[in-house]
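Dear colleague,

I am handing over a structure that may be new to you, and I would be grateful if you could look through it with the notes below at hand.

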Amino acid sequence: MSATTTLSQAEPITAQNILRLFPDIDTSSAELDGHDEEQIRLMDEVCIVLDENDKPIGYFSKKICHLMTNIDKGLLHRAFSVFLFNSKNELLLQQRATEKITFPDMWTNTCCSHPLGIPGETGVELPEAVQGVKRAAQRKLDHELGIKPAQVPIENFKFLTRIHYKAPSDGKWGEHEIDYILFIKADVDLEPNLNEVRDTKYVTADELKSMFNDPALKFTPWFKLICHSLLFEWWEHLDEGLEKYMNEQEIRRM
């Protein structure tokens, strides 16, 4: 059904009032008509719904979490963005597959996805949530890029910070996430899942800056946001001094 009520943005979403604030949550499937069958199936995965302080307050499907009708009511979920660098300190980029329902064909960081409401990937307090996100990152690197877990051990992921942002995709779909930023340095074997990834490319910082100047290329909003505000400074300290940027406790509001 379609949303018929208006939510006051002044009232924070909590575990106690989530059902009252979302009595008319948009659960329709019409927006999925004509999309790729596998991508439609993945829209049933269960995301972790959050309050504005990154505390889990419930679970909704990926489809519900990414409909702009629900995002505009304040619905927020947990996500992660992995930045994988090889031994030459080149960043692995992916171009999202044409089949993707949100942000198709756009270039982005190595892997961007969601921890799910399943054992091992949830977490209330930050240390537990970080571990859950790292497990989810390992799972999705394998699913999207064919990178085996042994090449990206959990303990090698470095958590930097969390970014709270909102961005529309095409009017129907969008993102409203608290995004955990993970760095990892590893030389890996790639076997991309073509239903997820159209292309991959290793780049230096200068090469990435040149890509941003090419009007023919499109980039995901979260990737542009991170790059223009934070990434290049972090990248400069990849081998020395990254510790001062790690394990940030405050959420960055973008």
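What follows is a short account of what was found.

Please bear in mind throughout that this is a predicted model.

I began with His77, which has its place in strand β3, residues 77-85. This histidine is buried, with a relative accessible area of 0%. Its side chain takes part in a polar contact of 3.4 Å with the side chain of Glu175, and another polar contact, of 3.2 Å, joins the side chains of His77 and Glu177. Leaving aside neighbours within four places in sequence, the residues in contact with His77 also include Cys47, Cys65, His66, His114 and His176.

I then turned to the nonpolar cores. The largest has 31 residues, and those with the most contacts inside it are Leu91, Phe183, Leu208, Phe223 and Leu231. At least two residues of this core are supplied by each of β3, β4 (91-96), β7 (158-168), β8 (174-185), α6 (205-212) and α7 (221-236), while the largest share, 9 residues, comes from α7.

Finally, helix α5, residues 126-145, has 20 residues and reaches 27 Å from its first C-alpha to its last, which is close to the 28 Å expected at 1.5 Å a residue. Just after α5, Gly146 takes a positive phi of about 70°.

With best wishes

Key:
Residues are numbered from 1 along each chain as its sequence is written. This is a predicted model: local features need pLDDT of at least 70, side-chain atom pairs count only at pLDDT 80 or more; totals for chains, interfaces and linings use all residues. Side-chain values use heavy atoms; hydrogens and water are left out. Helices (H or I, at least four residues) and strands (E, at least two) are DSSP runs, numbered from the N terminus. The expected span of a helix is 1.5 Å times one less than its number of residues. Buried means under 20% relative accessible area, exposed over 50%, partly exposed in between (1.4 Å probe, protein chains only). A polar contact is a pair of N or O atoms within 3.5 Å; within protein, one must be able to donate a hydrogen and the other to accept it, and residues adjacent in sequence count only if both atoms are side-chain atoms. Contact means heavy atoms within 4.5 Å. A nonpolar core is a set of buried Ala, Val, Leu, Ile, Met, Phe, Trp, Tyr and Cys residues joined through side-chain atoms within 4.5 Å.
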